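Here is a short briefing on one protein model. Look at the structure first, then work through the points below.

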Amino acid sequence: MTVPVQQQTEADVPAKRSRIAAADAPIPFSKPYRAPGELVNLERVLSSDHSHGDGAFTASATARLRTLTGTTGVLLTSSGSHALDLASILLGVGNGDEVILPTFTFPSAANAIALAGATCVFVDSDPVTGNIDPAAVAQAVTSRTKAISVMHYGGVPVDLPAIEAIAAEHGLPIIEDNAHGLGVQHRGRVLGTFGAIAIQSFHDTKNVHSGEGGAIIINDLSLLERAEIVREKGTDRSKFLRGQVDKYSWVDVGSSYLMSELQAAVLDAQLQSFDTIQAKRHAVWNRYATELAEWADAVGADLMAVPDGSEHAAHLFAILMPDQAGQSALIAHLRTLGIVATFHYVPLHSSAAGLRHGRVSGSVDNAVRFSQRLVRLPLWASLDEQQVQRIVDGVRSFRPGKG
Ligand SMILES: *Cc1c(COP(=O)(O)O)cnc(C)c1O
């Protein structure tokens, strides 16, 4: 792009300075998107007398999620983590049980198992996608296994046919952590509809957010009635609100897993902008993929790979450096340019709580190596042209050993 030469006047000077400052301003790793309509929605909640859960915006956001996923069993929750805790309760995970999960995942998946008194059985990842390795899952199944917990890393689908075959063989439910993959089409369905139970997160680092928040998707509809009860402090208040019972009472264990209407108001506006958000994120993702390919070849790095026939959510853009030294060096190099890139999960089996609440099954070398090679670039919907160019140029200016 050529910038026309302009006569400089006194009045232009401050504007120019701020343009220069913007050109050098640090680029954060993540920045929450602000959707049109959020403030109007919030205003409506605040001027009503209903800001607790299960009001009009919860109903509207839930309906949007049902349309997006093509399922009926959607319930908004206070967080993705709480949705995972709720999943453990619904599946009856308890003392003496084991749940198989990837060691390369977010701690909430493991907390849901440990809080239920069960043992986490950590398994390896696919070296290319970082997703759970089905062969490792097959080997980890014991008579104590209660469920298989998977996570679509970056919204790239797990090898579902292989996991479904193992689950069917042993009669085990699948818990699908779809925090990264909202709305991703896969084999004629949408991620979040494959497991007996799936979860979404609306934390403000996710593609669509409400500050904090989440959803549970109940695909095994025999669990839906109890899900409503556990989510509502163990009461049948949901039935009462629908006029199905004339008073409500304590009927089961539970807690308050509801999303406030204030959050639902923001979420509803965000979901309305879902296509816009995704288009913006995919545009950035695609530029990284095309404009960094040659550089990656030259330095021996691998760019995030999406298996043939799969979609992804443009939730993150990952570079796999040749080794851990390359990972640290690229992150440090980008830091000096004011660009915040980061690594990701420290494998759970080696963490302090992982050692207490779980055990490893088989080798987890691929997961460890994936975690040590991984660098994530900034990826958010309102990154502008100039910022994306700075990031691309910044990465391309990195050469191993040069820093
Ligand atoms: C963010 C995230 C969660 C937890 O979601 P919260 O809404 O922050 O509780 C769980 N799993 C994965 C993979 C996540 O990225």
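The lining of the largest pocket counts 10 nonpolar, 13 polar and 5 charged residues. The model is predicted. Start with this pocket, then move on to the second one and to the sheet.

**Largest pocket**
- The largest pocket holds about 470 Å³ of space.
- Its lining has 28 residues, and F106, H180, H203, T205 and K206 lie nearest the centre.
- Helix 4 (80-90), strand 8 (197-201) and strand 13 (374-377) each give two or more residues to this lining.
- The largest share, 3 residues, comes from helix 4.
- Domain 1 (38-272) and domain 2 (274-396) each supply at least three lining residues.

**Second largest pocket**
- About 360 Å³ of space lies in the second largest pocket.
- It is lined by 18 residues, with D54, R66, L75, E228 and R242 nearest its centre.
- Two or more lining residues come from each of helix 3, strand 1, helix 8 (224-231) and helix 9 (237-241).
- Helix 3 gives the most, with 5 residues.
- By class, this lining has 7 nonpolar, 6 polar and 5 charged residues.

- An open sheet of 8 strands runs in the order 1-9-8-5-4-2-3-12, with mixed pairing.
- Strand 1 (74-77) and strand 12 (358-360) are the edge strands, and each pairs on one side only.
- Strand 1 runs antiparallel to strand 9 (residues 214-218), and 4 bridges join them.
- L76 has A215 in strand 9 as its bridge partner.
- Helix 3 (residues 56-69) packs on the sheet and touches strand 1 and strand 9.
- The direction of helix 3 makes about 130° with that of strand 1.

Note on methods. Residues are numbered from 1 along each chain as its sequence is written. This is a predicted model: local features need pLDDT of at least 70, side-chain atom pairs count only at pLDDT 80 or more; totals for chains, interfaces and linings use all residues. Side-chain values use heavy atoms; hydrogens and water are left out. Two strands pair if DSSP finds at least two bridges between them. Contact means heavy atoms within 4.5 Å. Axes are lines fitted to C-alpha atoms, for helices over the stretch in contact, and angles run from 0 to 180 degrees between N-to-C directions. On a 1 Å grid over the protein atoms alone, a cavity is a set of points where a 1.4 Å probe fits but cannot get out, and a pocket is an open set with protein on both sides within 12 Å along at least five of seven lines; lining residues have an atom within 4 Å of a point. Grid points are joined across faces, edges and corners, and a volume is the space filled by probe spheres set on the points. Ala, Val, Leu, Ile, Met, Phe, Trp, Tyr, Cys and Pro count as nonpolar, Asp, Glu, Lys and Arg as charged, and the others, Gly among them, as polar. Domain bounds come from an automatic or database domain assignment.
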